[in-house]
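Me: I'm new to this one, so let's go through it together. Can you take my questions one at a time?

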Protein chains: 2
Amino acid sequence: MRNCGQLFYCSTFGFVSKTDSGQPNALDKKFSVVVQMRIGLGQFDAVVGDLEGNAKRMREIYKQAKSESVELLLFPELAVCGYPPEDLLHKKHFLEENHQVVEKLAADCPDLTIVVGFADLSRGLTYNSAGVLRGGKIEKVYRKGLLPNYGVFDEQRYFEPGHTPLVVTQNGINFAVTICMDIWDNDWLAKFLKKAGRIDMLLNISASPFHLNKIETRKEIVAQCATRFKCPACYCNLVGGQDELVFDGRSMFADATGKIAAMAKAFEGDLLIADVEKTGKVVSIGPVGDCQGQAISTLEEMYRALVLGTRDYVRKNGFKKVIVGLSGGIDSAVTAAIAVAALGAENVVGITMPSRFNSPETVGDSEKCAENLGIRFMTIPIWPVLEQFNKSLEQAPGWDNKGLAYENLQARIRGTILMSLSNQWGVLVLTTGNKSETAVGYSTLYGDTAGGFAVIKDVFKTMVYKLARYINDINKREVIPQSVIDRIPTAELRANQKDTDSLPEYELLDKILRGYVEEDKSAHQLIKEGLPKDIVNRVISMVDRNEYKRRQSPPGVKITPKAFGRDRRLPITNRYNHRV
Amino acid sequence: MRNCGQLFYCSTFGFVSKTDSGQPNALDKKFSVVVQMRIGLGQFDAVVGDLEGNAKRMREIYKQAKSESVELLLFPELAVCGYPPEDLLHKKHFLEENHQVVEKLAADCPDLTIVVGFADLSRGLTYNSAGVLRGGKIEKVYRKGLLPNYGVFDEQRYFEPGHTPLVVTQNGINFAVTICMDIWDNDWLAKFLKKAGRIDMLLNISASPFHLNKIETRKEIVAQCATRFKCPACYCNLVGGQDELVFDGRSMFADATGKIAAMAKAFEGDLLIADVEKTGKVVSIGPVGDCQGQAISTLEEMYRALVLGTRDYVRKNGFKKVIVGLSGGIDSAVTAAIAVAALGAENVVGITMPSRFNSPETVGDSEKCAENLGIRFMTIPIWPVLEQFNKSLEQAPGWDNKGLAYENLQARIRGTILMSLSNQWGVLVLTTGNKSETAVGYSTLYGDTAGGFAVIKDVFKTMVYKLARYINDINKREVIPQSVIDRIPTAELRANQKDTDSLPEYELLDKILRGYVEEDKSAHQLIKEGLPKDIVNRVISMVDRNEYKRRQSPPGVKITPKAFGRDRRLPITNRYNHRV
């Protein structure tokens, strides 16, 4: 273990022994210039609904923490039931079991003070609570005061807000307990904590979902909190993938000046430890052991979020293997590469399903990509089925074997092959659509959208290219063939098709989409910013009228501030037309 | 027009003329024993996002109301933008246009006092508001105090609550303006209105979605409100289908004793008119014209909700025609019958897609059903495509042409045929799954779940039978062949298949589902109620593990207190297991 704290850390003063009440004893008071204790942040992957499993994991962390002389151990928000449990919170028996698990956890872990998030049913009302476990019992319960109800959050659907601050004293140090959003509004928090008396340190347990660069905001929030309340603060975050969300961990300690003194690992479980020391009224903090707070590039963040989100979705839903339709294009190549990183090459099957519109180059590239990734590869041509379908559909008046319906048919045959193999082998289908095409509906419903998980659904096409290059960089070889990266994007559903036949260039498209989808800008604003009017109007119209496709598409990892899914809830039936 | 009010209605006393301020003038005060005025409830189908269209419709109703001497005209909650506008409310330009439309509406309709719901952006905050339009201007704005955030409602995601009551005086009568949920908590409302002074009548504008028998609850709420505040109350509700919701209208007036004095039409637009009379301090109400408040049976309610929901989804999304896969079973027969009622027989195409597992009887029944309904009918056998698919899939190791994957394949071929015709003809596919099979996942994703709208997705199988008989009853002939009603349920995906091979009897299944899905009961509770333990556990497990299918299924009409969809938000990744 090494001490990587930046602050003065006085270890020569003696420890203060705890009394039963958690107060320093009389002997210590006499010499009470310095008190000291050790805090652990038990960042772990709490699986939604897995009450027993989560408790088991916490007992393991408790043992580890104890062996490292931790005295106060934090677990994330709703660590007992996972986050977000959604309408499980409407089940009374679920809430009751939650409570029983916390009670048992307290009984099993009597030697430390533990702060753990759980869903708490009290007199018919449900709270997002933090239990303070001490001496084998739930000693106190803090109830979250600020309940987020925006973006992906629906907490006001489930919880009543708490109105009472909680300060826990241990070794003469006063800790204010807070949960997630409580520290995101300092003015509210200052008012809320006014009657709480002297506070030496802020504790926060969180379940803060990832998006790109959000860690910077979180660091600011924790730092601002520390400086505002003139005391150290710590932040224990969840880790793991849950449906569309990824929690990236990176729990942290900030000192009273707002400096981030230590940070836990990104995208994996960790136990981050620091010693807190109170000298007179001054409270300082000194991290213990490795502090993995190194900066991560945006691309690395994105990649690791996609890998973790995919791994957790697949495994937590009981699958081991996945299958990916490899078209020879960049989206499926990147998806397969992420799947390999998430699950191992032995658990990924690539399949190419050529028609007469696929060039030998793309078919060759899909095979090369599979070879580079070391995954099993299969070819099932679709033309015999396509021909037969076409024959059958010719019985219907007006059937046109050159139009859009015929293009979609090809994609649907592929979707059906993938789903048939999924059913036969018990493997999950990964879909390969990116955010740009998801936005404008450049996809076939039940065709290329058919599958269990949409790995890159929140990654704009322009970012997919960067991701491909990043994947080759970190592998130090051409995993994704350069020809795939260089090829002009095409769906190959008719002869000589190019994406730009139907769509603007991706650079422009993504710019419009960012403004319209992520920032809720109007056509008028976008045009004022210099974007071409006709294309802006066309793109907005495509986004609006394809809500029905997105509604039936599989979930995928959220990596941007606003993803399609729970994050952006638009009606399908919607006549609003603000094109200009 | 006939006067069907139950209360004493004195029309011999003279009308009080309005002054500009809306107060009775001095002359009237001298004789102020009786004042009287006419109120209209303009229940109409406000389409989400169609600001101009909704305003146009309101101008038409205004003209009609004016011609019937109405002085105070109410429109539903958020009538300007439709309900629920969801994340359109995050677009600043949308909110600004809302306001402009209300201003223009006020200017266009200067001769009546109008209370109209709109989304109101003020100092960066958004409110669910009622504008009081008088003399060509927005005179006052009331902001909804209680914001529902449960079930299908997400109002706290968008709106700030209002804290100030609003009383509007006209002809010497004091009207308290409220919006929807404001009157659902009388204790809150009494406190809220305490400082509002004397109230002669309560006005409520609502957007209250339909479920079976909810009208009884609404009547109680309005009646309780009237008796609690000792004054008449009126309730102006929305009408029309919006994605999964149907608004059933049935606006009403209650007198001060809580008696429902008049009710507007169910499931269609209406202008309900009543005269209010104030004699001293006593305010009475006398309906004018037809009062369509007759009772409707549960089956009629269900049927009309499904018809309206289907019609509005199809038409508001720009479709005229639909296509339904007719299997010869009861679900598709009922779906087609509802489609015919919603859109006309000329706009419905039935298609049967037999395999070698379909008996001649079912194929014959599908044709007979189409004939009875008078719809166009087509047959496209699936066996040639199935055979070719099977050949192609035999290239994959382990492919079994007898197992579940092969069964699903048949359903997916059918889904693909329907979607191909949908694409080719520009018609919407209606899916035919009922609530029982949706719950337990007795369906093939991208197979029978493929389509734009799931008409009976919230109707339990046992109710589908009742609906079939009801449809034959109201048509006074066998629209749905008796043989279809009598047949033992089968998916016909393998030889001699019966639903009960995989599922319990529907009577039992639906009982378990009602308890588990709609009432959030635990396995333990259900077993205590006498339901068989092994089946309860099996059903719960099926419901839980099929969340992923429901997530990718099309929307359909909500008719029960808890439908799958926005109403019930369960995680896909969910390890909670409370089977006993």
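Me: How many helices and strands does chain A have?
Reply: Keep in mind that this is a predicted model. Going along chain A, the count comes to 18 helices and 20 strands.

Me: And what is the radius of gyration of chain A, next to what the globule rule gives?
Reply: For 580 residues the globule rule gives 25 Å, and the chain comes close to that, so it is as compact as a globular protein of that length. Its C-alpha atoms fill a box of roughly 95 × 50 × 45 Å along the principal axes. The radius of gyration of chain A itself is 27 Å.

Me: What percentage of the residues in chain A is buried?
Reply: Start with the contacts between residues at least 6 apart in sequence: in chain A, 73% of them join residues at least 24 apart. As for burial, a residue counts if its relative accessible area is under 20%. Of the 580 residues in chain A, the buried share is 65%.

Me: Let's zoom in on one residue. Is Thr113(A) buried or exposed?
Reply: Thr113(A) sits in strand 3 of chain A, residues 113–122. Leaving out residues up to four places away in sequence, it touches several others, including Leu72(A), Val132(A), Arg134(A) and Gln170(A). Its relative accessibility is 0%, so Thr113(A) counts as buried.

Me: Now the two chains together. What is the area buried between chain A and chain B?
Reply: The contact involves 85 residues of chain A and 84 residues of chain B. In chain A, the residues that lose the most area to chain B are Thr573(A), Arg575(A) and Tyr576(A), together 11% of what that side buries. Carbon and sulfur atoms give 53% of the area buried between the chains, which is about 7400 Å².

Me: Which element of chain A gives the most to the side that touches chain B?
Reply: Across this interface there are 39 residue pairs in polar contact. Several elements of chain A give two or more residues to that side, among them helix 3 (92–108), helix 7 (298–316), helix 10 (383–393) and helix 11 (404–425). The residues on that side divide into 37 nonpolar, 26 polar and 22 charged. With 13 residues, the element that gives the most is helix 11 of chain A.

Me: How many salt bridges cross the interface of chain A and chain B?
Reply: Over all chains, the structure holds 87 salt bridges. One that links the two chains pairs Arg569(B) with Asp154(A), at 3.7 Å from N to O. For the interface of chain A and chain B, the number is six.

Me: How many residues apart in sequence are the parts that Lys368(A) and Glu478(A) tie together?
Reply: The side chains of Lys368(A) and Glu478(A) meet in a salt bridge, 3.8 Å from N to O. Lys368(A) lies in helix 9 (residues 360–373) of chain A, while Glu478(A) lies in the loop between helix 13 (461–475) and helix 14 (482–486), so the pair ties together parts that are apart in sequence by 110 residues.

Me: Lys521(A) and Glu529(A) pair up too. Which of the two is buried?
Reply: Their side chains meet in a salt bridge of 2.9 Å, N to O. Glu529(A) has a relative accessible area of 47%, which makes it partly exposed. At 17%, the buried one is Lys521(A).

Me: Over in chain B, how many residues apart are Lys66(B) and Asp111(B)?
Reply: These two form a salt bridge of 2.6 Å, N to O. Lys66(B) is in helix 2 (residues 51–67) of chain B, and Asp111(B) is in the loop between helix 3 (92–108) and strand 3 (113–122). Lys66(B) is partly exposed at 40%, and Asp111(B) is partly exposed at 42%.

Me: One last thing: what is the C-alpha to C-alpha distance between Gln525(B) and Gly515(B)?
Reply: Gln525(B) is in helix 16 of chain B, residues 523–528. With a relative accessible area of 36%, Gln525(B) is partly exposed. Gln525(B) and Gly515(B) are ten residues apart in sequence, and their C-alpha to C-alpha distance is 8.9 Å.

Notes:
Residues are numbered from 1 along each chain as its sequence is written. Chains are lettered from A and ligands numbered from 1 in the order in which they are written. This is a predicted model: local features need pLDDT of at least 70, side-chain atom pairs count only at pLDDT 80 or more; totals for chains, interfaces and linings use all residues. Side-chain values use heavy atoms; hydrogens and water are left out. Contact means heavy atoms within 4.5 Å. Buried area is the accessible area (1.4 Å probe) that two parts lose on being put together, summed over both. A salt bridge is a side-chain nitrogen of Lys or Arg within 4 Å of a carboxyl oxygen of Asp or Glu. A polar contact is a pair of N or O atoms within 3.5 Å; within protein, one must be able to donate a hydrogen and the other to accept it, and residues adjacent in sequence count only if both atoms are side-chain atoms. Helices (H or I, at least four residues) and strands (E, at least two) are DSSP runs, numbered from the N terminus. Ala, Val, Leu, Ile, Met, Phe, Trp, Tyr, Cys and Pro count as nonpolar, Asp, Glu, Lys and Arg as charged, and the others, Gly among them, as polar. The radius of gyration is taken over C-alpha atoms; the globule rule is 2.2 Å times the number of residues to the power 0.38. Buried means under 20% relative accessible area, exposed over 50%, partly exposed in between (1.4 Å probe, protein chains only).
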